[in-house]
There are 2 protein chains.
Amino acid sequence: MNKTNIIAEPGKQEIIITRLFDAPREQIFKVITDPINIPNWWGPRYLTTKVEKMEVKPGGMWRYLQYDKQGNEFAFHGFYHQISAPERLVYTFEFEGMSGHVLLATIKLENSNGKTLYTDLAVFQTIEDRDGMLQSGMEEGANETMERLEELVIRK
Amino acid sequence: MNKTNIIAEPGKQEIIITRLFDAPREQIFKVITDPINIPNWWGPRYLTTKVEKMEVKPGGMWRYLQYDKQGNEFAFHGFYHQISAPERLVYTFEFEGMSGHVLLATIKLENSNGKTLYTDLAVFQTIEDRDGMLQSGMEEGANETMERLEELVIRK
């Protein structure tokens with residue numbers, strides 16, 4: 001089972017994604033903070049993702065480029081605020097196609113009877129930004145991202 | 001008049017502070033991004049503020065120390081996401097006394113008939129964090145901060 005839950009309450013400026021992984025959080029933390037893994041889980045399968053930069057330290061920049069089959073490029077970047085292995089990552093996120101619209105992401109990894117509860121909290125500058133993200137097909141992308149991460153974590 | 005407005009709607013995880021300044025936004029942007037000015041406007045008057053670090057560039061860290069009359073120290077830090085003179089600053093903010101609780105701040109400076117509308121949007125990870133900030137006496141501090149900034153901008 002281990003399905004992804006996506007919560008986006010009306011009138012709030014946040015999206016909360018949770019999933020239970022059958023793996024210790026140390027392992028998940030290692031997978032998600034290693035640039036080599038990003039192309040294999042970050043985003044939906046039909047896009048190709050390249051890591052241009054991923055400096056996993058406070059103030060470090062990350063920048064990923066995504067390409068569709070037609071060769072269109074989509075760029076994303078942000079800066080890490082906090083990296084606390086194996087439980088917490090806080091960073092900013094901006095889709096460069098919507099320059100100036102920034103969100104604050106918090107990834108939390110909690111022990112849960114030998115499994116790990118993964119929580120991804122995204123808070124947006126406005127409700128409109130949050131709703132725009134939902135309308136961009138983000139839910140499907142998040143489901144695939146979590147499935148891909150699970151495959152990767154189990155394979156390791 | 002030029003009074004400070006503080007908006008914190010129930011059920012939302014944001015605080016919006018606005019104030020109209022009788023000065024061009026270039027001047028305000030310059031004042032707020034220069035470390036030398038921070039001790040003269042950032043925070044309430046009864047605290048002494050020192051800039052430990054203020055690297056005004058994307059990914060750059062800022063860290064301020066505040067002291068009360070008894071010598072108690074309060075530390076704050078964050079990282080800049082965006083610096084677009086003279087109109088926009090986006091950065092993270094953490095009070096180290098509440099470690100792990102981070103907010104995303106966006107300062108916007110808009111022309112308004114020769115004056116400048118200053119907007120400070122703070123979005124919190126949770127409503128509880130937002131409400132905790134309000135209960136900490138933040139409103140009084142914000143009013144004084146805006147008064148001090150006005151004095152400084154007019155003096156320049």
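Contact here means heavy atoms within 4.5 Å. The model is a predicted one: local features need pLDDT of at least 70, side-chain atom pairs count only at pLDDT 80 or more, and totals for chains, interfaces and linings use all residues. Residues are numbered from 1 along each chain as its sequence is written, chains are lettered from A in the order in which they are written, and side-chain values use heavy atoms, with hydrogens and water left out.

Start with Gln66(B). It lies in strand β4 of chain B, residues 61-67. Strands (E, at least two residues) and helices (H or I, at least four) are DSSP runs, numbered from the N terminus. Gln66(B) has a relative accessible area of 4%, so it is buried. Buried means under 20%, exposed over 50%, and partly exposed in between (1.4 Å probe, protein chains only). Leaving aside neighbours within four places in sequence, Gln66(B) is in contact with residues including Trp42(B), Pro44(B), Leu47(B), Phe74(B) and Phe76(B). Its side chain also reaches the backbone oxygen of Trp42(B), at 3.5 Å.

Stay in chain B for helix α1, residues 25-32. Arg25(B), Ile28(B), Phe29(B), Val31(B) and Ile32(B) are buried there. Seen down the axis of α1(B), these buried residues fall within an arc of 165°, so they line one face of the helix. The arc is that of the directions from the helix axis to the C-beta atoms.

Now move to chain A. Lys53(A) sits in strand β3, residues 48-54. With a relative accessible area of 35%, Lys53(A) is partly exposed. Beyond its neighbours within four places in sequence, it is in contact with Met61(A), Trp62(A), Arg63(A) and Tyr64(A). Gln66(A) is 13 residues from Lys53(A) along the chain, and their C-alpha atoms are separated by 13 Å.

Finally, how do the chains meet? In chain A, 28 residues are in contact with 28 residues of chain B. About 1,900 Å² is buried between the two chains, and carbon and sulfur atoms give 58% of that area. Buried area is the accessible area (1.4 Å probe) that two parts lose on being put together, summed over both. On the side of chain A that touches chain B, β5, β6, β7 and β8 of chain A each supply at least two residues. The largest share, 6 residues, comes from β5(A).

Definitions and conventions: Polar contact = N/O pair within 3.5 Å; in protein donor to acceptor, adjacent residues only side chain to side chain.
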